[in-house]
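Hello,

Here is the structure I said I would pass on. My notes follow below it.

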Amino acid sequence: MSGTDLLLWFFAAASLAGGVLMLVARHPMRVALALIGSMISLAGIYAILGVHVIAVFQVLIYVGAVMVFMVYVIMLLDVRDPSFLQRYGRAVVPAVALAALLAGALGAAAGGGHTVTATELDALQPGRTPASFGVDAFSVSFLERYWLHFEVTTVLLLAAVVAAIAVVRTGRRRDG
Amino acid sequence: MDRTQLLLALAVSLFSLGFVGVMVRRNALVLLMCMELMLNGVILSLVTFASRSATLDGAVLVFLVFVVAAAEIAIAIPIVLLLARQRRTLDVGAWSELKG
């Protein structure tokens, strides 16, 4: 087993441990920290796979934007909330059973199926050049072939900003 | 166990863990975070397939999913805050009349 494989196993175990911690931790801040650890381990996995752009965006967008936002909101809230003290609802046993069933079905589907490798895809499409996942190749492909999708996401982000402001304003009007 | 199998197993486990969290936990913010964990599992499988078949389209799709997830959380958190302000609690049990 090479060094990269060891690192891959380490990051996989760390992200799994973060996921388990999320289920047991009582306070939402600890849940958020466990999720951040899990996401950073996933970014390490992406870096090992060679998809550096995605690894950077995982840290920038997920940890940097989404989770920082989440942590701010948690700090705004009351610590004596009853949902902080009592972690679980009533449906623990059926939920775990259902999730085990789901994991078994997904695992059987993933393990039984055949995933296409790069060499097989080369045989299917003779003119294809296997992509490298560097920043330059990603940006060229992104802005040459997917510029329309990029523009659509900007519209989506604008709509999200307007909707967030609208939600906050209606709530304020109802209060005052 | 080769690399693809390991990563797919990890993706399935992360998705299932997040699923348990969404079903079991009471706090609305923790529910949101468990949904993020499920999304991360799905993204991991997407990246695994993209890197195995050496296509850039998967990487671009992952980037677009990141943007959509950021937009989703920007809407979801104000909604959760409004709910918390109305019932003075983050417990989703306070909203159990929504099940009809």
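Two residues are taken to be in contact if their C-beta atoms, placed from the backbone, lie within 7 Å. On that basis, the contact takes 75 residues from chain A and 63 residues from chain B. The model is predicted: local features need pLDDT of at least 70, side-chain atom pairs count only at pLDDT 80 or more, and totals for chains, interfaces and linings use all residues. Residues are numbered from 1 along each chain as its sequence is written, and chains are lettered from A and ligands numbered from 1 in the order in which they are written.

Chain A has eight helices and zero strands (DSSP runs numbered from the N terminus: H or I of at least four residues for helices, E of at least two for strands). The C-alpha trace of chain A spans about 65 × 40 × 30 Å along its principal axes.

One helix pair across the contact: helix 7 of chain A packs against helix 3 (residues 56–87) of chain B at about 75 degrees, with axes 10 Å apart (lines fitted to C-alpha atoms over the stretch in contact, angles running from 0 to 180 degrees between N-to-C directions). The two helices are therefore roughly perpendicular (65 to 115 degrees).

Regards

Terms used. Parallel < 35°, antiparallel > 145°, perpendicular 65-115°, else oblique.
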